[in-house]
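Student: Could you walk me through how to read a helix and its salt bridges in a model like this one?

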Amino acid sequence: MRIMMIAALAFAITGCASNVVTDYNPATVFGNYSSWAFASNAEDSGFTSLDDARVRDAVERELNRKAMKKVTETEADLLISWQIVAEERLEQVGVGLGFGFGHGNFGWGLSSPPPVREVTEGKLVVRMVDRTTEEVVWQAASRRYLNENQSPETRRKLIDEVVSEMFSKYPPGLN
C-alpha cells in the first residue's frame, strides 16, 4: 500500500510539470480579439511541409475551440506565426569505463566518461501578433521536442498535445 501511495504521489508531481512556457503583454486586452489568420511568411517557398500542415491543423482546431473566427489576413485581429527552433544537445550513448587499485588509505583510479553524441531537436514556438500594431502580444514555447527519429504518427500526436496545452493557457489570466 505504501508503495502505491508513493507511486501515486510521484505521478501527480510529474503530471503537474508544464510542457509549455507562455509569455504575453500584460497591457493587452485579449477580449478585444475575435478573429485570426495565419501570417504570411516572406521566406515561404510555396510548399507546405508535413510539420507545417500538422501545426496549422492543431492551431486551427484550438482556436475554433476558443470561438475565434478564421478570416483573411487583412481582416484578422491577430496574426498567428510559428516556427520550429532547432536546438542542439549532447546525449550519452553508453557507459564510462574505469579501474583502480589501492592499498590501505591510498589508491589510484582512472576512468573515462561515457561516449556522447550531438542531437538536434526542434522546439515549437507559436506567436500571436496584433495586426494593427504588429507587436507580439502572446507566445508559447514547447518544452517537448521533435526529432528525426519520431514516426509521423508520433510527431502528429506530439504536435497536437503541445498545441493543445499552449492554447489551454490562452487567453492569459482566465486559467
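Student: Which residue just after α2 takes a positive phi?

Tutor: A67 does, with phi of about 60°. Helices here are DSSP runs of H or I with at least four residues, and strands are E runs of at least two, numbered from the N terminus. Keep in mind that this is a predicted model: local features need pLDDT of at least 70, side-chain atom pairs count only at pLDDT 80 or more, and totals for chains, interfaces and linings use all residues. Residues are numbered from 1 along each chain as its sequence is written, and side-chain values use heavy atoms, leaving out hydrogens and water.

Student: Which residues of α2 are buried?

Tutor: An α-helix has 3.6 residues a turn, so residues three or four places apart point the same way. In α2 the buried residues (under 20% relative accessible area, with exposed over 50% and partly exposed in between; 1.4 Å probe, protein chains only) are D51, D52, R54, V55, A58, V59, E62 and L63. They fall within an arc of 165° seen down the axis, so they line one face of α2; the arc is that of the directions from the helix axis to the C-beta atoms. L50 and D57, on the other side, are exposed.

Student: What does E60 pair with in a salt bridge?

Tutor: Side chains of opposite charge can pair when their charged atoms come close. A salt bridge here is a side-chain nitrogen of Lys or Arg within 4 Å of a carboxyl oxygen of Asp or Glu. E60 pairs with K70, the closest N and O atoms being 3.4 Å apart. E60 lies in helix α2 and K70 in strand β3, so the pair ties together parts 10 residues apart in sequence.
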